Amino acid sequence: MGLSVRVVRGLTLSLVFLGGILVGTAGVAISTSTPAMAQSANSIVVQGNRRVEAETIRSYFRSSSGRLGAAEIDEGLKALYATGLFEDVRTSNAGGRLVVTVVENPVINQVAFEGNKKAKDDQLKLELQSKARGTLSKPMVQSDVQRIIEIYQRSGRFDVTVVPKIIELPNNRVNLVFEIKEGDKTGIKDIRFVGNNAFSRGRLKDVIKTAESNFLSFLQTTDIYDPDRVEADRDLLRRFYLKHGYADVRIVSAIGEYDPSKKGFIVTFTIDEGPQYRVGTVEVISNVRAMDTANLRGQVKLSQGSIYNADLVEKSVEAMSIEAAKRGYAFANVRPRGERKPETRTINIAFVVEEGSRAYIERINIRGNIRTRDYVIRREFDISEGDAYNRALIDRAERRLKNLNYFKTVKITNEPGSAPDRVVVNVNLEETSTGEFSIAGGYSTADGFIAEASVADRNLMGRGQYAKAAVTYGQRTRGIDLNFVEPYLLGYRMAGGIDLFARRNDASNSQSYSVTTYGTNLRLGFALTEELSFSPRYSIYRQEIKLPDQYNNCISPTTPLFTPTPAGYTPHQPGAVKPLDECYADGEASVAVRRELARGPVTVSMVGYTTAYNTLDNNKNPTSGLYLELKQDFAGVGGDVNFIRTTGEARTYYEVVPDVVGVLKLQAGNIAGWGSKDLRMLDHFQMGPNIVRGFATNGIGPRDLTSGTNNDSLGGTKFWGTSLEFQTPLYFLPKEIGIKVAAFADAGNVWGYEGPTNWNVTGETLAVGLDSASNIRSSVGVGLIWDSPLGPLRFDFAYPLKKYCAQATLGGQVCDRVQMFRFGGGTKF
């Protein structure tokens with residue numbers, strides 16, 4: 001890597017800067033000599049120049065009187081030095097003439113690096129001012145050294161040293177080589193908070209991006225000390241406190257200090273919390289003539305008596321500004337005004353609507369987007385060039401751009417335009433990587449070992465589109481998925497997506513048959529409000545089941561009951577079938593399963609929608625908020641089956657005490673056939689640990705009680721489930737590791753099998769049991785949750801408190817199937 005240093009004409013010059021020449025950090029001082037008596041001259045003689053024209057040098061010495069004085073000569077000298085083209089400039093008088101003698105800086109032939117392993121040459125070259133075929137400037141080299149040091153420090157290598165070296169070449173050319181000793185990473189050993197009374201240290205560490213070093217530090221970069229990240233954490237903490245009612249909060253300081261004994265940094269945040277406020281009175285005041293404030297009151301997100309929330313104040317201002325603009329008041333400014341009442345710890349909030357200054361957007365400049373197309377950025381603005389300037393809408397655009405996760409930094413600033421009523425908006429961006437290639441592996445008690453390889457890009461070709469291709473292969477499951485999403489379909493703020501999939505789930509302990517499914521989904525999605533979304537969809541897929549031969553041999557052409565063989569039914573292996581009195585000896589699938597097999601491949605065509613309401617504070621690791629979801633599907637738009645399926649889910653999160661989060665989950669569903677077609681067994685709800693942990697997959701609900709069969713789960717048309725769980729991190733482990741313990745209690749039921757109970761092909765009758773609305777299953781248990789850098793892992797141990805059994809047709813018990821331990825997870829590498 002880099003360029004090897006060679007001795008040219010026996011001379012290697014090393015810029016070892018000590019004192020006036022600084023080691024690794026300073027440039028070389030340029031000596032000059034200006035004659036004391038060079039007061040004026042009638043003409044200028046230039047000496048020593050090779051590349052720079054003499055007339056160009058003379059142009060720096062000008063006087064309005066036509067004669068050069070000491071001041072004019074001094075200014076000319078400074079101007080020549082400032083060009084960076086000269087190593088030395090001297091002036092003297094000779095025969096009444098001003099003689100300017102210059103020594104030109106060498107030309108850089110090549111810039112190279114030695115010793116850099118953690119930073120690539122191309123990455124470093126982009127950051128340097130010194131470029132190949134440019135002029136060597138020693139102050140510029142000094143600046144480049146500092147920039148290289150900063151790059152390494154941002155990656156946690158504070159022991160880095162950089163020594164620049166110059167190798168002379170013929171024709172006043174040089175090679176510039178930076179010798180780098182990278183040193184080891186310097187991590188963060190401890191994060192401390194001073195003055196935090198309302199929130200625990202662990203809770204605040206969840207808010208900030210900076211993390212402590214641990215045994216998994218090789219998988220993360222946030223445990224490396226970065227002053228910019230720490231400064232950004234100050235703002236995150238401030239916004240967190242403002243969101244929870246602490247309107248007087250001050251993040252007094254955020255200091256990182258190196259501790260030699262720990263060989264790492266100690267980061268300390270000093271906080272002045274102040275009291276927690278609630279909302280007092282809320283009013284809307286309009287100083288704009290003819291504006292009816294009643295139309296704006298519905299946009300206020302806060303209510304009297306609730307905890308003060310600065311985020312909701314901002315959202316209220318945005319919503320009211322948009323509403324005012326819709327009603328023809330484009331220049332209306334909505335300003336929140338708060339009146340603190342310390343004695344009652346309330347804040348009276350008034351949203352004041354005023355006629356703003358009439359300013360228009362002259363131009364929107366976008367800078368820093370190398371890959372992302374301009375239109376992808378501009379469409380996040382609700383205003384465009386020529387529209388009335390509205391600060392609330394500019395702030396909303398900035399937040400939207402940050403939420404895209406295409407950019408490392410987003411900063412929107414303003415500057416005056418070409419006229420007093422014109423404003424230029426500057427959007428400054430720094431892009432981040434949006435592509436991902438992953439290989440995942442995992443194990444679950446339901447699917448066994450499983451592996452997945454996928455490639456995805458959330459900003460495909462810079463167009464803001466999402467695309468993913470994934471291949472899954474496991475012990476009992478395999479498949480392929482292709483996904484594509486256009487977030488602005490037909491130019492509207494509406495997402496359009498298509499999914500292509502093919503999956504196969506093999507027979508297992510929970511089911512005696514394998515299922516192959518392939519098809520496609522077409523979907524739309526758009527936000528009705530900040531919290532409410534609606535997503536219609538159309539799905540069509542083809543589904544087929546298969547059985548091992550020993551589970552499907554209860555039919556014999558030689559048996560009078562089956563003479564001749566029923567049309568349309570062929571055993572897997574001719575001659576392997578057995579009469580009814582023998583075929584159950586090696587096990588047999590339920591009549592319901594064999595009916596599905598005899599039906600052959602089935603096409604399901606359906607339309608549906610999902611409506612979701614989300615107020616969670618964090619979608620990945622929520623501690624407060626509510627999530628509601630309603631799904632409905634209508635099958636029978638073509639295809640072979642007819643049903644209407646409805647499911648709903650509600651989750652609420654609440655921090656009971658610091659670092660202990662309670663989760664209450666409710667879910668329910670119903671499916672009903674329509675028309676003349678039977679409801680397939682495969683369309684019933686198959687339930688188990690997804691509603692009550694401690695039971696196996698497909699382990700509860702209606703089941704075939706026929707003796708000698710596999711007693712397959714039949715599923716139900718109705719289900720409900722509820723779960724109460726408390727989660728908390730392990731206090732003796734660093735919170736950054738992401739390990740939590742959970743205690744939970746579950747209850748639920750599935751019932752209402754509505755498929756046929758007899759099969760005229762074999763004359764067999766289906767014996768349905770464990771099918772009652774009163775059979776409520778319940779369990780309690782504990783779990784270990786690890787949000788590891790390699791992927792999510794969860795271990796659950798649940799003990800069923802209530803399970804049910806029923807009498808089989810020939811005696812014996814058929815019971816719910818229990819699975820007390822369950823493990824699932826994956827990894828990416």
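**Entry 1: the sheet with β13**

I began with Val279, whose bridge partner in β13 is Ile347. This is a predicted model, which I keep in mind throughout. I then looked at the strands around that pair: β11 and β13 (residues 346–355) run parallel and are joined by 7 bridges. They belong to an open sheet of 3 strands, in the order β11-β13-β12, and the pairing is mixed. I noted β11 (278–286) and β12 (332–341) as the edge strands, each pairing on one side only. Ignoring direction, neighbouring strands here are turned by 20° against each other on average.

Which strands does α8 touch as it packs on this sheet? I found β11, β12 and β13, and the direction of α8 makes about 150° with that of β12.

**Entry 2: the sheet with β16**

Next I turned to another open sheet of 3 strands, ordered β14-β16-β15, again with mixed pairing. Here β14 (360–367) and β15 (407–416) are at the edges with a single partner strand each, so one side of each has no neighbour in the sheet. On average, neighbouring strands are turned by 15° against each other, direction ignored.

I followed β14 to strand β16 (residues 422–431): the two run parallel, with 7 bridges between them. One position I checked was Arg363, which stands opposite Val424 in β16. Helix α10 (residues 391–403) packs on this sheet and touches β15 and β16. The direction of α10 makes about 160° with that of β15.

**Entry 3: α8 against α10**

For helix α8 (residues 310–326) and α10, I have an angle of about 125° and axes 9 Å apart. The crossing is left-handed.

Which residues make the contact? From α8 I listed Val317, Glu318, Ser321 and Ile322, and from α10 Ala392, Leu393, Asp395, Arg396 and Arg399. Sorted by class, the contact of α8 with α10 has 4 nonpolar, 1 polar and 4 charged residues.

Arg645 has Ile671 in β27 as its bridge partner. The hairpin of these strands has 2 residues between them, and Asp659 takes a positive phi near 75° there.

β27 also runs antiparallel to strand β29 (residues 718–729), with 10 bridges joining them. In that pairing I found Val663 opposite Glu725 in β29.

**Entry 4: Val607**

I picked out Val607, which is found in strand β24 (residues 602–614). Is Val607 buried, exposed or partly exposed? Its relative accessible area is 34%, so I put Val607 down as partly exposed, between the cut-offs of 20% and 50%.

Leaving aside residues up to four places away in sequence, Val607 touches Arg537, Tyr538, Gln632, Asp633, Phe634 and Val637. I also noted Ser539: it is 68 residues from Val607 in sequence, yet their C-alpha atoms are 6.3 Å apart in space.

**Entry 5: two positive phi values**

Most residues other than glycine have a negative phi. That made me stop at Arg133, with a positive phi near 70°. Arg133 is in the loop between α3 (121–127) and α4 (138–154). Its relative accessible area is 75%, so Arg133 is exposed.

Leu770 also has a positive phi, near 55°. This residue lies in the loop between β33 (768–769) and β34 (777–788). Is Leu770 buried or exposed? At a relative accessible area of 6%, Leu770 is buried, since the cut-off is under 20%.

**Entry 6: the whole chain**

Last, I stepped back. The chain has 12 helices and 38 strands. Of its 829 residues, 45% count as buried. Among contacts in the chain with a separation of 6 or more, 62% come from residues 24 or more positions apart.

Methods
Residues numbered from 1 in each chain as written. Predicted model: local features only at pLDDT ≥ 70, side-chain atom pairs only at ≥ 80, totals over all residues. Heavy atoms only, no water. Pairing = 2+ DSSP bridges. Helix = DSSP H or I, 4+ residues; strand = E, 2+ residues; numbered from the N terminus. Axes fitted to C-alpha atoms, helices over the stretch in contact; angles between N-to-C directions. Contact = heavy atoms within 4.5 Å. Buried < 20%, exposed > 50% of the residue type's maximum accessible area, 1.4 Å probe, protein only. Left-handed = near helix turned anticlockwise from the far one by under 90°. Nonpolar A, V, L, I, M, F, W, Y, C, P; charged D, E, K, R; others polar.
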